[in-house]
Amino acid sequence: MKRAISLTLRALILLLVFSFSTVTAQDKQFAKEIKGEVIDQKTKDILVFSDIVIADSNISTVTNTDGKFLLKIPETLLNGTLIISHLGYEKKEIKISTIENKLKIALTPAITELTAIEIDTYSDAKALLEATLEKKSELYNNNNTLMTAFYRETIKKRKRNASLSEAIVQIHKRPYDTYKRDAIELIKSRKKTDYTRLDTLAVKLQGGPFSNLYTDIIKYPEYIFTNENIPYYDFSFDTSTQINKNLVYVINFKQKPSVATPLYYGKLYIDAKTLALTNAVYSLNVENKKLTSEMYVRKKPGSAIVYPTQATYRVNYRTKNGKWHYAYSNISLSFKVKWKRKLFNNVYTLNSEMAITDWKIKDAVIEKPRNKMIRPTTILADATYGFADPKFWGLYNIIEPEKSIESAIKKIQKQLKKAKAKKA
């Protein structure tokens, strides 16, 4: 049970300052940049975390919390096809050569019709999860893979941004059929923190990208489901859905009422044909403030009482050539800080996300450049100059900034210009 909650232990530690260093990356040429928005055809609601993939390639991104995306297309793929998909909707394909301006893509909700065979295949939701976990060697990528990913983290004090960190990393992804752990190499990054908004207590997300990487339930099931703790959960079926015309089972899970230790609750989305996990959305039970505080807090001032108020996670997978792989994850953590002899409390929120934007199979063992590798416990140095360059990311695909992040970047740019003018 202790291992099951260690994802949370790794995810949040109350310390001082989280930051990034910058390493120069090799720039390449790209021929076209596409911006767009994905919405529901009927309701016109935005569709968050939609997959945007170039067919017959490994280049991809996701829509942000505003439903928008940006994708850089290499010259070699200008005659290719853009595939847009979202859980519960029919996918849409668009020829890249026909795209001229900003896209507004409307997806049609999928109609799920269950046959008697599909309904009766699994009557026990717990047995279905166990079958899914047993299939990782069969269904998931069992090659050494070098994945390019974009990582972003924001720290807010109440509703005001206190820190913004962004990075391009390469994940040295180990085969799913081994117990070897993945490694992360830092390629390029930028970070800005307003320490005045963090008072004397600040927060750090230990390891940064590692926390998001560990949400890969198939590679790291020990952080949420183990043979020892599965009996502590109740499992049930929810209404099935579809993705790309494939039936998807939906499993609800939550800890049993008799279990005191804080565990997780949420939904698992499992492909009915292959039993692969396609998505997972879950949260930590934070009702017991004392126990969850002990889980989260390793260091704090004696004059502060700290406890989490929310911890939610999302992980998405993609498939290519019959093999599934980690594609995107999102973590949102909120906690309250009560100061003794102070009238007002501080509320902090940490949001981090990581999206795989490209990848390639490595037949040989992946080489690790030691000077660029990140450890889960590494605290990286500040680097703010990248915010002054609108073309900082070059060819690398990123997650399109949402409105609040765009606003934060503009403020940082103004601050840098003022600082530069004073020096001059």
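**Contacts, strands and ring pairs in a predicted model**

Q: What makes S137 and N142 contacts of D177?
A: Contact means heavy atoms within 4.5 Å, and D177 meets this criterion with S137 and N142 once its neighbours within four places in sequence are set aside. This is a predicted model, in which local features need pLDDT of at least 70 and side-chain atom pairs count only at pLDDT 80 or more, whereas totals for chains, interfaces and linings use all residues. Residues are numbered from 1 along each chain as its sequence is written, and side-chain values use heavy atoms, with hydrogens and water left out.

Q: Why is D177 called partly exposed?
A: Relative accessible area under 20% is buried, over 50% is exposed, and values in between are partly exposed (1.4 Å probe, protein chains only). D177 has 39% relative accessibility and therefore counts as partly exposed. D177 is located in the loop between β9 (160–173) and β10, and its C-alpha atom is 8.0 Å from that of Y140, 37 residues apart along the chain.

Q: How do you know that Y140 and Y176 are a tilted pair?
A: Rings of Phe, Tyr and Trp (its six-membered ring) pair if their centres lie within 6.5 Å; planes under 30 degrees apart are stacked, over 60 edge-to-face, and the rest tilted. The count by this rule is 19 aromatic pairs. For Y140 and Y176 the centres are 5.3 Å apart and the planes stand at 40 degrees, so the pair is tilted.

Q: Why is this pair said to tie together separate parts of the sequence?
A: Y140 lies in the loop between α4 (136–139) and β8 (144–157), and Y176 in the loop between β9 and β10, so the pair connects parts that are 36 residues apart in sequence. Y140 counts as buried because its relative accessibility is 0%, and Y176 counts as buried because its value is 1%.

Q: What makes F150 and W393 an edge-to-face pair?
A: Their ring centres are 5.5 Å apart and the angle between the planes is 90 degrees, which gives an edge-to-face pair. F150 belongs to strand β8 and W393 to the loop between β18 (373–374) and α7 (403–423), so this pair links parts 243 residues apart in sequence. Both F150 and W393 are buried.

Q: Why is R190 called buried, and what does its side chain reach?
A: R190 has 7% relative accessibility and therefore counts as buried. R190 sits in strand β10 (residues 183–193); strands are DSSP runs (E, at least two residues) and helices likewise (H or I, at least four), numbered from the N terminus. The side chain of R190 reaches the backbone oxygen of G386 at 3.1 Å.

Q: What makes the R190 and E166 side chains a polar contact?
A: A polar contact is a pair of N or O atoms within 3.5 Å; within protein, one must be able to donate a hydrogen and the other to accept it, and residues adjacent in sequence count only if both atoms are side-chain atoms. The R190 and E166 side chains form such a contact at 2.9 Å.

Q: How do you know that β1 and β4 pair?
A: Two strands pair if DSSP finds at least two bridges between them. Six bridges join β1 (residues 32–40) to β4, and the two run antiparallel. E33 stands opposite K72 in β4.
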